[in-house]
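Please examine the structure shown below.

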Amino acid sequence: GDGDGNFQMVRRQDGGGFETKQIANEAGNRHVTFVDRDAGFQETGRHEDPSDTFDPRTRPWYQGALTGGDVFWTGIYVFFSDHKPGITVSTPVQDSSGNKQVLGVDITLAELSKFLGSLEIGKAGRAYIIDGDGHLIAAPDKAALDVPVGPGETVPKRIDQLGDKTMIAAFDPLLRKAERADV
């Protein structure tokens, strides 16, 4: 994304293909174009979406990278395009004219959890990613991540809600440190 709201996204599709989304803002004209490509990069479809309101400049990944001036990690949020929860890592870059842009990579929590589930850590080890408050960001078992709080609404579980005494003991010092920091 850039300071004029121009944007380019490439997203993997099921079956090995790709979808690109391009937002071009030119002299008051906004064009949002989607192009589908198969695994061999052959174009299989193209359409415009004039109702698409996405603006990279309003997104936390864009603002965080520009403000911090370095690599920026978002918290968990629901992606605009595919409505899945995930995180984004982004960094500011400059184009050949010296204009600042932001490059970001989205990672869905499902893919991150799938990756953690594929890791072999000793005989019975497991890998988890937690935030500073002890909430699970990713777990080898995606179903273990969320607690329902309403129709279609969930919040991330905390480590101490999993019922695994070994894991609770391992993370307890971190959880206590986070609780002390809140005081």
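## Surface patch

On the surface, Phe-115, Leu-119 and Ile-121 make up a nonpolar patch with about 250 Å² of accessible area together. Such a patch joins nonpolar side chains (Val, Leu, Ile, Met, Phe, Trp, Tyr) within 5 Å, from residues with over 30% relative accessible area and no salt bridge; areas come from the Shrake-Rupley method with a 1.4 Å probe, and only the protein chains shown count as cover.

The model is predicted: local features need pLDDT of at least 70, side-chain atom pairs count only at pLDDT 80 or more, and totals for chains, interfaces and linings use all residues. Residues are numbered from 1 along each chain as its sequence is written, and side-chain values use heavy atoms, leaving out hydrogens and water.

## Nonpolar core

The largest nonpolar core has twelve residues, among them Phe-7, Met-9, Trp-61 and Val-102. A core is a set of buried (under 20% relative accessible area) Ala, Val, Leu, Ile, Met, Phe, Trp, Tyr and Cys residues joined through side-chain atoms within 4.5 Å.

## Salt bridges

There are five salt bridges in the structure, each a side-chain nitrogen of Lys or Arg within 4 Å of a carboxyl oxygen of Asp or Glu. In the one between Arg-11 and Glu-19, the closest N and O atoms are 2.2 Å apart; both residues are buried.

Arg-30 pairs with Asp-52 in another salt bridge, with the closest N and O atoms 3.8 Å apart. Asp-52 counts as buried, at 8% relative accessibility.

Conventions
Patches are made of residues with over 30% relative accessible area and no salt bridge: like charges are joined within 9 Å, nonpolar side chains (Val, Leu, Ile, Met, Phe, Trp, Tyr) within 5 Å. Buried means under 20% relative accessible area, exposed over 50%, partly exposed in between (1.4 Å probe, protein chains only).
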